Amino acid sequence: MNETDDLNALSVDVEEHFQVEAFADRISPEMWSAFPSRVAQNTERVLDLLASSGRKATFFILGYVAERSPELVRRIAEAGHEVACHGYWHKRVNTMTPEQFRDDLRRSKAAVESAAGVKVSGYRAPTFSMTRESLWALEILAEEGFHYDSSVFPVRHDLYGVPDAPRAVYRWQCNDGRELYEIPPLTLHFLGFNLAAGGGGYLRILPMWFTRWAMRQAQREQRPAVIYFHPWELDPSQPRLPGSWKSRFRHYRNLEKMEARLRGLMQDRKFVTLRQLLDQQKGSPSMPTFTPAEIGGGGRFHSAP
């Protein structure tokens, strides 16, 4: 195992297999109770995988899951992992009003903190839906006491993304002197474009040499490599749900390969939680700073890709 000082962080978005964006147009929250829960058994597999490799991760937990499986959240925290918020209803931020977002955020934060018995400081929007049009939500995160966000994906995608956003950790200067840090997922810059790598469907579907290429590029550029995945991605026997061919491809492709791929990455690399990563990064005098109002209002990021 090559234990280096690489800035690699591991994150897990904890949600049921039927709560994902791929099936949101067919399965509403009112229907969730009709589906058998698999999140506890799948998350236990993740915890076993992390324990066997000696790695720690940040678990962004859906408030709906935390309320119904508080013992699972406690096990995550007691194992030494970081717990953080993933919203309550898995609703995209860019479909909510500020009032709806604040209510969803508060309910999620209360559920996770009550179950874990610790304060949370991190947030990740469902479907990385902190887009240019919804950056107003960063101000609410800061007002509600969050320390960092990991929702702005610096790529072009049909559902999310801010393509010109920085690919390394940066700072948001919010109202009343509040600050919030942004920790973006891993990307590869190639031929003038940012390509998503090392997370979710990108990690399952694309060849492993692509993920390793992206991580080597991040190491050369002294950028963090933030990997993310979901517990349901380690569950190839999960029930198949109806959906478009694209949604089913994104959701089910290579489920049977995911655990081995994660195990290989953990054997090769050292990983920390996002909070630990941020503690290493936030003292940098060269960290760029932006305001949500400026960027959300049509301003451009002025940092190099």
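Biologist: Which hand does the crossing of α3 and α4 have?
Modeller: This is a predicted model. In it, helix α3 (residues 70–78) packs on helix α4 (residues 98–116), with axes 7 Å apart. The crossing of the two is right-handed.

Biologist: Is α3 roughly parallel or roughly perpendicular to α4?
Modeller: The packing angle of α3 and α4 is about 65 degrees. Angles of 65 to 115 degrees count as roughly perpendicular. Therefore α3 and α4 are roughly perpendicular.

Biologist: How many nonpolar residues does the contact of α3 with α4 have?
Modeller: From α3 come Pro-70, Val-73, Arg-74 and Ala-77. They meet Val-112, Ala-115 and Ala-116 of α4. By class there is 1 charged residue and no polar one, and the nonpolar residues number 6.

Biologist: How do α1 and α9 lie, roughly parallel or roughly antiparallel?
Modeller: Helix α1 (residues 39–53) and helix α9 (residues 255–268) have axes 10 Å apart. Their angle is about 25 degrees. Under 35 degrees counts as roughly parallel. So α1 and α9 are roughly parallel.

Biologist: Which residues of α9 make the contact with α1?
Modeller: The crossing of α1 and α9 is right-handed. On the α1 side, the contact uses Arg-45, Leu-49, Leu-50, Ser-52 and Ser-53. By class, the contact of α1 with α9 has 4 nonpolar, 2 polar and 3 charged residues. The α9 side is Glu-259, Leu-262, Arg-263 and Met-266.

Biologist: At what angle do the axes of α7 and α9 cross?
Modeller: Helix α7 (residues 208–220) passes α9 with the axes coming within 12 Å. The crossing is right-handed. The angle is roughly 30 degrees.

Biologist: How many charged residues are in the contact of α7 with α9?
Modeller: Met-208, Thr-211, Arg-212 and Met-215 of α7 face the α9 residues Arg-261, Gly-264, Leu-265 and Asp-268 in this contact. Of the contact residues, 3 are nonpolar and 2 polar. The charged ones number 3.

Biologist: Which residues lining the largest pocket are the closest to its centre?
Modeller: The largest pocket holds about 720 Å³ of space. It is lined by 34 residues. The closest to the centre are Glu-21, His-157, Leu-159, Tyr-160 and Arg-250.

Biologist: How many residues of the lining of the largest pocket are nonpolar?
Modeller: Helices α6 (200–205) and α8 (245–252) each give at least two residues to this lining. Across the lining, 11 residues are polar and 11 charged. The nonpolar residues number 12.

How values were computed
Residues are numbered from 1 along each chain as its sequence is written. This is a predicted model: local features need pLDDT of at least 70, side-chain atom pairs count only at pLDDT 80 or more; totals for chains, interfaces and linings use all residues. Side-chain values use heavy atoms; hydrogens and water are left out. On a 1 Å grid over the protein atoms alone, a cavity is a set of points where a 1.4 Å probe fits but cannot get out, and a pocket is an open set with protein on both sides within 12 Å along at least five of seven lines; lining residues have an atom within 4 Å of a point. Grid points are joined across faces, edges and corners, and a volume is the space filled by probe spheres set on the points. Helices (H or I, at least four residues) and strands (E, at least two) are DSSP runs, numbered from the N terminus. Ala, Val, Leu, Ile, Met, Phe, Trp, Tyr, Cys and Pro count as nonpolar, Asp, Glu, Lys and Arg as charged, and the others, Gly among them, as polar. Axes are lines fitted to C-alpha atoms, for helices over the stretch in contact, and angles run from 0 to 180 degrees between N-to-C directions. Angles under 35 degrees count as roughly parallel, over 145 as roughly antiparallel, 65 to 115 as roughly perpendicular and the rest as oblique. A crossing is left-handed if the near helix is turned anticlockwise from the far one by less than a right angle, and right-handed if clockwise. Contact means heavy atoms within 4.5 Å.
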